[in-house]
Amino acid sequence: MRTSTSMGIATISLAAVLGGSLAIGSAVVASAKPTGSDDRGHPTVLHLTAETDQSADPNGGNPGPPPGPGDQIVSTDRISRFGKPVGRGGTVLTVVGATPTALTTQVVTTLDLHDGQIVLQGIGDGPTGPPTEPITFTLAVTGGTGTYQNARGFADIIDRPGGAETITISLRG
């Protein structure tokens, strides 16, 4: 959702979280089967959207130096599919590298959907502020609950200027 970030989102939503929003997804479900692979071994694909409810950064929203190693950025998000609410997301980004213009973060996002949770994790790079052009990165699906129990796969994320982030989750079961 986070974005975000972005669940991610992105960094899953690093730039979006610093700018006050995380969005995840683009509102289409490619398969009605929510987890694993179809009968032919094709992955199940989910397209979601997220909008940030709340976020916090090391400067508390005040101007100041960019975050540095060890700082955390946190967000919660409203998750939707086809424009309808389907859950919420939470993202924690821990800064693991920084320059004056860019951050590298360890990203952990949990998408709490109506039919279970999906956990995303990975390393992401982004600017120290909101993105001025789309940023694309990939996170691993490291697990889940409910319908997504034992979920594995990956999530392709696009962090767009203005706080919109899309995520396409490809699940193999």
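Confidence in this predicted model is lowest in strand β1 (residues 28-29), at a mean pLDDT of 30, and highest in β5, at 95; pLDDT is the predictor's confidence in each residue, from 0 to 100. Helices (H or I, at least four residues) and strands (E, at least two) are DSSP runs, numbered from the N terminus. Over residues 1-35 the pLDDT is below 50, yet this stretch has 224 contacts (heavy atoms within 4.5 Å) beyond near neighbours in sequence. For the protein chain, the mean is 77, with 72% of residues at 70 or more.

| Property of the protein chain | Value |
|---|---|
| Elements | 1 helix and 9 strands |
| Residues that count as buried | 46% of 173 residues |
| Accessible surface | about 7,600 Å² |

Areas come from the Shrake-Rupley method with a 1.4 Å probe, and buried means under 20% relative accessible area, exposed over 50%, partly exposed in between.

Now to the core. A nonpolar core is a set of buried Ala, Val, Leu, Ile, Met, Phe, Trp, Tyr and Cys residues joined through side-chain atoms within 4.5 Å. The largest one has 23 residues, of which L48, L111, L113, I118, L120 and I169 touch the most other members. Elements giving two or more residues include β5 and β6 (116-127), while β7 gives the most, with 4 residues.

T110 lies in strand β5 (residues 102-113) and is partly exposed, at 26% relative accessible area. T110 and L120 are 10 residues apart in sequence and 6.3 Å apart in space, C-alpha to C-alpha.

Residues are numbered from 1 along each chain as its sequence is written. Local features need pLDDT of at least 70 and side-chain atom pairs count only at pLDDT 80 or more, while totals for chains, interfaces and linings use all residues, and side-chain values use heavy atoms, leaving out hydrogens and water.

Terms used: Buried < 20%, exposed > 50% of the residue type's maximum accessible area, 1.4 Å probe, protein only.
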